[in-house]
Structure formats: structure tokens, C-alpha cells
Amino acid sequence: MSAAEPVRDGEGADIVGPRNAERERQDPFTVRPPASDHGTMPNLKWSFADSHIRIEEGGWARETTIRELPISKAMAGVNMRLKAGAVRELHWHKEAEWSYMLKGKARITAIDEAGRTFADDVGEGDLWYFPPGIPHSIQGLDSEVDGCEFLLVFDDGNFSEDSTFLLTDWLAHTPRDVLAKNFRTSESRLEKLPSKELYIFPAPKPGALSDDRKTGAGLVPNTFSHRLLQQEPNRMAGGSVRIVDATNFPATKTIAAALVELEPGGLRELHWHPNSDEWQYYIEGEGRMTVFGSESKARTFDYRAGDVGYVPFAMGHYIENTGSGPLRFLEMFRSERYADLSLNQWLALTPRVLVDAHLKIDPEVVADLSTAKLPVLPK
Ligand code: MN
Ligand code: MN
């Protein structure tokens, strides 16, 4: 397939200078925007393929933050791989951490401020949420992909995976005599302490989960893991939606999410969100989104598996499956509750004469609009 040319309705001209045709093929509506696109909109797309990868023994990490995608002030994301046994070392951070397991299996552990404990094994489609400041670990387990790969989302676009509080980093920067006093031992017994952070490192594979479930002061009152794929989806003619927020996963106080599946040609209806920016991660397939930014501004972006999309607070948008297979993506919001406004529902619940005075469309079209939300519409 040749790349699109910036030619539309007899206007424009072909590109004759240097070009990155592979890149342009992935973004046909950037090269040749629809006539309805207009004005200066911020960039709302980043691909993890363009993020620096930090390679460590047993895994890697790459991030999409405000530095990669400047509009993404509310949330940031990390894509991480751990081979079986490899550990993302014991750490904590200022931001809350929400995660979706993409492939494979991991063991996660944490404790809270009351000494209550958490340990679980998570697999594909499982989530976890660690509140701000709560110390935790992630370790790859045996699986069909030798460990795991997951997506982390943080409730601050300024997050950096490189500036978390690491156990070994802290101890390497505390005088040995203080450590000896703290651990009630002698300095000679601390000689093997790492001299710098481990971050991601290989370790013996853990045993049975029951052995790793420490008693402490009981269990955390709200579990930090959730089986999203075991949730019955809201099925519609064009696809399905699973919504997860503090209503069905009480621990997740600052991130709400939806896992959307669209059939080919299916449409995530025109809508907006009244409470948060939206951070998207594309898991499978190809999709297209136009974001309406008021003041006649609108811009269309094409996305595919591994890409990140972003919608600033309250801006109207839709997502269409433009590929030949299913489109699956995650929508994340910095909120305790998932909330959206459906254009169709709004019009269906507004006085008919008032709608007609605005839109002048066939009255039957408006009469047929569902008064219930239909988040996913067939082609
Ligand atoms: Mn973390
Ligand atoms: Mn949305």
C-alpha cells in the first residue's frame, strides 16, 4: 500500500521531497486530514515504539509521560517486561499505580500503613492498584511467555519510572553505622548490601503463593487486584465494554477504566467525559479518533496496538475500528468513578423541537435515537 498524499478534493499536492513513507502509512489521516479537521490541536498520540527502552538483566521498561506526550498532564504510562523470576525491586512512589496484565503471569506483593498485607498472582486481563506511598513488588512467574508484560498507569503525567523510591537505592545512601543500628546488627553483617539500585534483576522464582502470604496485621481491607476479564461485559451490537472503578474495585480510588472491544467498522459513539482527561492504550487492532477541541478545532489520529491516545478534559470524541479484525483498547481516567456523556442520549432526552431547531435533520433520526446509552455502535 502506498502512503497517502496530501491531496483532497482537488486541493493540495503530492509530497516530492524526502518522506518517511512507512510512518505516513500508519497515519493516513495525518497526511491527508478530512476536511472537517481544523485549527491547531495538541498532539494526542504517542507510540511506545518511540519511547526509550531501559534494558536490565531479566527485563525492560519504557514510559510515555508528559515528556513524550506533553498534553498528558493527568496520567502517565509504563510498559514493562519481566522474565520468570525477574523482580521489579521493592519500591514505592508518590503516585498511585494502576496496572493491566497484557501477557503472562506475575506475583505482586504489598503492605499498607497498618501492617496489613497483600500478595496475589495475576494473569492476562487482571488489574492491580497500589495507592500512593504503598510499598510493593512485582515478580515474573513461569508462563507461556516466560514471565510477563504489563501496562502501568500513574495518576500524574510527571511520573517517571526512574524516580521511584527503591529499597536498595535508599540503603546505599544511608550510613552503614545507622543501618547497623536500625537493623540491630553489626556493620560486618551488612557487607553484601548492593552499592547501587537493582531496579530490575533476576532472582529465584517464588514458591507457592500461600507461602508468600504473610500474616501481619491481617489482609488489606480492599484487595489490590481485580479480575477484569471475569467481569461480565456490557455487550452491544458493535462490541462490548467492561467498566472498572471504585464501585466494583474499591481499592482504585484515583483511576477508573474501561476495556472496550469494537468489531470491524464498529464505533465507540460520540461522547465526552465530565470528570477527567482520558489516557488510552491500544491492545489490538487499528482505530481512528477525532477529537473536538471547541473553537472550530478538531484533529483526527490513527492508532494501532502499542500506541497511546489522549483526550483532554471534556473534549468530544469517538473511536472507529478501521481494521479488519477486532479493536481492543483501554480508556483510563483520573477519577474514582467512570463517567461519560453520550451525544445520542443527550439529543434523545432533549425536547424534540429544540433539537430540530438546531440540527434540521430528519425528525425520525432523532426519534429513533436510544434514550439509553449505547457506548458501542455497529457499522
Ligand atoms: Mn510501582
Ligand atoms: Mn472517551
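Reader: What conventions apply here?

Author: Residues are numbered from 1 along each chain as its sequence is written, and chains are lettered from A and ligands numbered from 1 in the order in which they are written. In this predicted model local features need pLDDT of at least 70, side-chain atom pairs count only at pLDDT 80 or more, totals for chains, interfaces and linings use all residues, and side-chain values use heavy atoms, with hydrogens and water left out.

Reader: Into which domains is the protein divided?

Author: Domain bounds come from an automatic or database domain assignment. Here they give domain 1 (7-32), domain 2 (46-226) and domain 3 (231-367). The protein has eight helices and 28 strands; these are DSSP runs, helices being H or I of at least four residues and strands E of at least two, numbered from the N terminus.

Reader: How many residues of domain 2 are in contact with domain 3?

Author: Contact means heavy atoms within 4.5 Å. By that rule 29 residues of domain 2 meet 28 residues of domain 3. About 2300 Å² is buried between the two domains, 70% of it on carbon and sulfur atoms. Buried area is the accessible area (1.4 Å probe) that two parts lose on being put together, summed over both. On the domain 2 side, Met75, Trp98 and Tyr129 lose the most area to domain 3, together 27% of what that side buries.

Reader: How many salt bridges and polar contacts are there between domain 2 and domain 3?

Author: A salt bridge is a side-chain nitrogen of Lys or Arg within 4 Å of a carboxyl oxygen of Asp or Glu. Between domain 2 and domain 3 the count is zero. A polar contact is a pair of N or O atoms within 3.5 Å; within protein, one must be able to donate a hydrogen and the other to accept it, and residues adjacent in sequence count only if both atoms are side-chain atoms. Nine residue pairs are in polar contact between these domains, both residues being at pLDDT 80 or more.

Reader: Which parts of the sequence does the salt bridge of Arg227 tie together?

Author: Arg227 pairs with Asp126, their closest N and O atoms being 2.9 Å apart. Arg227 is in strand β16 and Asp126 in strand β11, so the bridge joins parts that are 101 residues apart in sequence. For exposure, buried means under 20% relative accessible area, exposed over 50%, and partly exposed in between (1.4 Å probe, protein chains only). Asp126 is buried at 10%, whereas Arg227 is partly exposed at 29%.

Reader: Where does Arg23 lie, and where does its partner Asp50?

Author: Arg23 is in helix α1 and Asp50 in the loop between β3 and β4 (53-56), so this pair ties together parts 27 residues apart in sequence. Their closest N and O atoms are 2.4 Å apart. There is also a network of salt bridges, which links Arg54, Glu56, Asp162 and Glu197.

Reader: Is Gln231 buried or exposed?

Author: Gln231 is buried, with a relative accessible area of 17%. Its place is the loop between β16 and β17 (234-236). The side chain of Gln231 makes a polar contact with the side chain of Asn248 (3.4 Å).

Reader: What is the phi of Ser296?

Author: Ser296 has a positive phi of about 65°, although it is not a glycine. Ser296 sits in the loop between β22 (286-292) and β23 (298-304) and is exposed at 52% relative accessibility.
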